[in-house]
Amino acid sequence: MPETTEIAAESQSPKAPDHIAGSPRILIIDDEAAIRESLETLLTLEGFSVSMAFDGPSGMERISKNEYDLLLLDLALPGESGIDLLPRIVETQPNLPVIMITAFGTVGNVVDAIRAGAENFVQKPWDNEKLLADIRTAIAKHRAEEEVIQLKRTLKLRYNFENIVGKSEPMLRLFDLVAQVAPSRSTVLIQGESGTGKELIAKALHANSPRRDRPFVPVNTGAVPSDLLESTLFGHVKGAFTSAVTAKKGLFEVANGGTLFLDEIGTMSMDMQAKILRVLQDRRFMHLGGTQEIQVDVRIIAATNVKLQDAVREGRFREDLFYRLNVITLELPPLRSRREDIPLLASHFLKFYADENGTGERVLSPEALRILMDYEWPGNVRELENAMERGVVLSTSKVITPELLPAQLTGNTYSANLLEHEPNASLFDLMEEIERRIIADRLERCHWNQTEAAEYFRIPLSTLNQKIKRLNVEIRKRNKD
């Protein structure tokens, strides 16, 4: 009976269905029918879904049409050998683990197979238990790698276009690191300038970890007075201090089983740093004023906008705590170092705030986009987001022009734009228009609080009111919180 007929019969056998839902899928490529049948029997009894081919072309046809969890490949195939076939297999399914099988087990064969991309190498006659162990190990590794790949896709879909926007090389590298780090229990230190999105990265780490269904608890340690930070983090017993009329849980307890995000950790006092170090070491702490130790299971993610190495050298940060935190460090790039992301970010924020305010579509004019691309962005993504929100709120048409951008972005381009649009204007008229725009910009930044704006300009409120009336500055209603 011809080989092709034999293989077709094998494929349709009840013993070896082409696919069993949920079962690991194994393809055998071997020219010896007895070897194929022996492997098929062994693997089917162990719950694997088995497919077979007798030579390179028939094997490649199956690989091109199906996905497998593992390939058992004979080294000495007729025509194109297994070693020759392996590079084409790797090109077609690069993540497919391959175990080479041969009766000619030499060091040279092993080296050639591994170099060509094989996962492992076994020699006929094989030991069934060892072969099954090798197969299960290879499949487990393959599936773990597939989960990482899927996590990367999920991360980029979930955060790349909704929260963490970027397609530049620094951001793609960051996405890859987040995907690798998220499933672990390790402490993570996120470093980056203000406004780069450190909390978003922390949330991404939590959301893609086994702790995703447990609490994510953020705390800006720099915003909490130092005398309150201990009770905030560790809680207190009743009577621990004058105003402690009841006992209260701290954020470590609130975050138990989940993630505690310590933002601006570089601002902590040395005394508080020592207490944080103990929790990281022992996973235990005591309430302020208490005597009973409490054990918690919390993943710590810390963030800072200062270089902790410098703080250690200057004696402002404990070296032992730094090494505890610095298990895995993620460096967030400033916006000025990933300028190719600016158009994407701007478009993202314009759409978000246009939807939020119901204004309809908003786009940047070419000149406005050029200004964004040329600006240094000391406030990073947060500053860009604020600029786009301002543009949407102040715009009356679809196109956002430079006049709607904050003053610090346009800088000296105020006068250039005015001259372009009013070439015959007098110096007095130009200066009045610049003053009007600066006042309007500051009022918008102060949420239309004229007292606050007057303090910023260091002029009496009455003087500011006079300027607003003389320059016809449009006043919007102040939002009430």
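**Entry 1: the sheet**

Which residue in E14 does isoleucine 190 stand opposite? I looked it up, and the answer is leucine 330.

Before going on, I noted that this is a predicted model, where local features need pLDDT of at least 70 and side-chain atom pairs count only at pLDDT 80 or more, while totals for chains, interfaces and linings use all residues. Residues are numbered from 1 along each chain as its sequence is written, and side-chain values use heavy atoms, with hydrogens and water left out.

Next I traced the open sheet, which has five strands in the order E7-E10-E13-E6-E14 with parallel pairing. Strand E7 (216–220) and strand E14 (328–331) are at the edges with a single partner strand each, so one side of each has no neighbour in the sheet. From one strand to the next, the twist averages 20°. For my own reference, strands (E, at least two residues) and helices (H or I, at least four residues) are DSSP runs numbered from the N terminus, and two strands pair if DSSP finds at least two bridges between them.

I then went through the pairs. Strand E6 (residues 188–191) pairs with E14 in the parallel sense over four bridges. Helix H7 (residues 169–181) packs on the sheet and touches E6, strand E13 (299–304) and E14; contact here means heavy atoms within 4.5 Å. The direction of H7 makes about 155° with that of E14. Angles run from 0 to 180 degrees between N-to-C directions, and axes are lines fitted to C-alpha atoms, for helices over the stretch in contact.

**Entry 2: strand E13**

E6 and E13 also pair in the parallel sense, over four bridges, and isoleucine 190 has alanine 303 as its bridge partner in E13. Strand E10 (residues 259–263) runs parallel to E13, joined by four bridges, with phenylalanine 261 opposite isoleucine 301.

How many residues of E13 are buried? I got six of the six, so E13 is largely enclosed by the rest of the structure. Buried means under 20% relative accessible area, exposed over 50%, and partly exposed in between (1.4 Å probe, protein chains only). Arg299, Ile301 and Ala303 point one way from E13, and Ile300, Ala302 and Thr304 the other way.

**Entry 3: H3 against H4**

I checked helix H3 (residues 56–65) against helix H4 (residues 82–92): they pack at an angle of about 10°, with axes 10 Å apart. That makes H3 roughly parallel to H4 (angles under 35 degrees count as such). On the H3 side I listed Gly56, Met60, Ile63 and Ser64, which meet Leu85, Arg88, Ile89 and Thr92 in H4.

**Entry 4: salt bridges**

My search of the whole structure gave 30 salt bridges, each a side-chain nitrogen of Lys or Arg within 4 Å of a carboxyl oxygen of Asp or Glu. I followed lysine 124, which meets glutamate 32 (3.5 Å, N to O). The two sit 92 residues apart, lysine 124 in the loop between strand E5 (120–123) and helix H6 (128–160), glutamate 32 in the loop between strand E1 (25–29) and helix H2 (33–45).

Lysine 124 counts as buried at 16% relative accessibility, whereas glutamate 32 is partly exposed at 39%. Lysine 124 also meets aspartate 74 in a salt bridge (3.6 Å, N to O). Aspartate 74 lies in strand E3 (residues 70–74), so that pair ties together parts 50 residues apart in sequence. I noted that Asp30, Glu32, Asp74 and Lys124 are linked in a network of salt bridges.

How values were computed
Parallel < 35°, antiparallel > 145°, perpendicular 65-115°, else oblique.
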